[in-house]
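Subject: Structure handover

Hello,

The structure is placed below, followed by notes on what was found in it. Please read the notes with the coordinates open.

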Amino acid sequence: MLVLQRTAALHEVGGRQLAVVRAKPFGGGIRLNRSEALQALIGDFHFDSRRSRDEQDFRLFIRRENWMRVKEFCLGHFKKNDGVLEIGPERELLEEFEDALAIKIRPDQYRLSPIGAVFEELPTPTDNVRALASPTIRIYNLFKIMIVDPSLEMTILDNSQGYGDEDLQQLVWLDLKNGGKGRANSVMAVPLDLLTEKYLSMHPEERGQRIRFEGHQLDGNVPAVLEGLPITKYQRW
């Protein structure tokens with residue numbers, strides 16, 4: 001089984017606000033812990049927002065000619081694990097599992113192993129509100145996370161089976177009514193073999209797009225975590 005994060009949020013579609021549900025891999029932004037190391041390599045750059053700067057998120061505006069240097073910078077520090085970049089997924093994993101399951105997971109409940117990095121080949125407009133529509137290249141530092149605690153595994157399966165997309169959509173409106181931002185999260189466990197077959201049936205150029213799978217919408221970055229799957233838009237390291 002592959003466990004994905006299922007998120008529901010408000011989006012404007014055709015002039016109306018709708019609660020849209022999508023599934024994506026767990027994980028979030030890498031932090032740039034020592035911005036001076038990158039500045040020494042490429043000169044001045046800017047974070048995409050004040051929030052990114054305050055949180056040290058690796059969401060940057062750079063000059064186009066500096067892309068290869070930034071790519072090599074990331075690869076080098078991924079391998080060195082020297083603290084310049086936040087390498088491990090533990091912080092994001094803890095936050096996102098708490099959002100989805102309302103529990104704090106412990107390090108003894110899972111086993112972590114790196115599986116490499118993935119870089120997008122060409123910039124595409126982002127739908128992130130911090131830099132909406134800006135040409136963006138995404139970098140993924142991937143880890144395989146094996147759940148080794150049977151009780152956590154059962155919690156994941158119960159949550160996956162207990163919440164449908166319609167339930168999350170209702171929670172979005174309830175959250176908005178109660179003063180929230182109109183969001184809701186859960187997990188979704190999908191059969192890994194069937195999902196892989198789905199992507200293998202598609203042309204490599206189409207595998208990086210959003211798709212429907214078993215009635216659910218999957219984000220375009222889901223196939224990035226499937227090892228050995230050729231995808232035109234990605235370069236694996």
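Does H1 pass H3 in a right-handed or a left-handed crossing? The crossing of H1 with H3 is right-handed (left-handed would have the near helix turned anticlockwise from the far one by less than a right angle, right-handed clockwise).

Before the rest, the ground rules. This is a predicted model, in which local features need pLDDT of at least 70 and side-chain atom pairs count only at pLDDT 80 or more, while totals for chains, interfaces and linings use all residues. Residues are numbered from 1 along each chain as its sequence is written, and side-chain values use heavy atoms, with hydrogens and water left out. Helices (H or I, at least four residues) and strands (E, at least two) are DSSP runs numbered from the N terminus.

Helix packing

Two packed helices are described by the angle between their axes and the distance between the axes. Helix H1 (residues 35-42) packs on helix H3 (residues 67-80) at an angle of about 140°, and the axes are 10 Å apart. Axes here are lines fitted to C-alpha atoms, for helices over the stretch in contact, and angles run from 0 to 180 degrees between N-to-C directions. H1 and H3 are therefore oblique to each other (under 35 degrees counts as roughly parallel, over 145 as roughly antiparallel, 65 to 115 as roughly perpendicular, and the rest as oblique). From H1, Ala37, Leu38, Leu41 and Ile42 meet Arg69, Val70 and Phe73 of H3, where contact means heavy atoms within 4.5 Å. By class, the residues of this H1 and H3 contact are 6 nonpolar, no polar and 1 charged (Ala, Val, Leu, Ile, Met, Phe, Trp, Tyr, Cys and Pro count as nonpolar, Asp, Glu, Lys and Arg as charged, and the others, Gly among them, as polar).

Helix H4 (residues 90-101) and helix H5 (residues 150-162) cross at roughly 50°, and their axes come within 11 Å. H4 and H5 are therefore oblique to each other. Phe97, Ala100 and Leu101 of H4 make the contact with Leu152, Thr155, Ile156 and Asn159 of H5. The contact of H4 with H5 has 5 nonpolar, 2 polar and no charged residues.

Strands

An open sheet of 3 strands runs in the order E8-E5-E12 with antiparallel pairing (two strands pair if DSSP finds at least two bridges between them). Strands E8 (139-147) and E12 (234-236) stand at the edges with a single partner strand each, so one side of each has no neighbour in the sheet. On average, neighbouring strands of this sheet are turned by 40° against each other, direction ignored. Strand E5 (residues 110-120) is joined to E12 by 3 bridges, and Val118 stands opposite Arg236 in E12. Between E5 and E8 there are 9 bridges, also antiparallel, with Asn141 in E8 as the bridge partner of Ala117.

Strand E1 (residues 2-13) and strand E2 (residues 16-24) run antiparallel and are joined by 9 bridges. Val13 stands opposite Arg16 in E2. The hairpin of E1 and E2 has 2 residues between the strands, and Gly14 there takes a positive phi near 60°.

Salt bridges

The structure holds 14 salt bridges (a side-chain nitrogen of Lys or Arg within 4 Å of a carboxyl oxygen of Asp or Glu). One of them joins the side chains of Arg51 and Glu55 at 3.4 Å, N to O. Both Arg51 and Glu55 lie in helix H2 (residues 50-55), 4 residues apart, about one turn of the helix.

Regards
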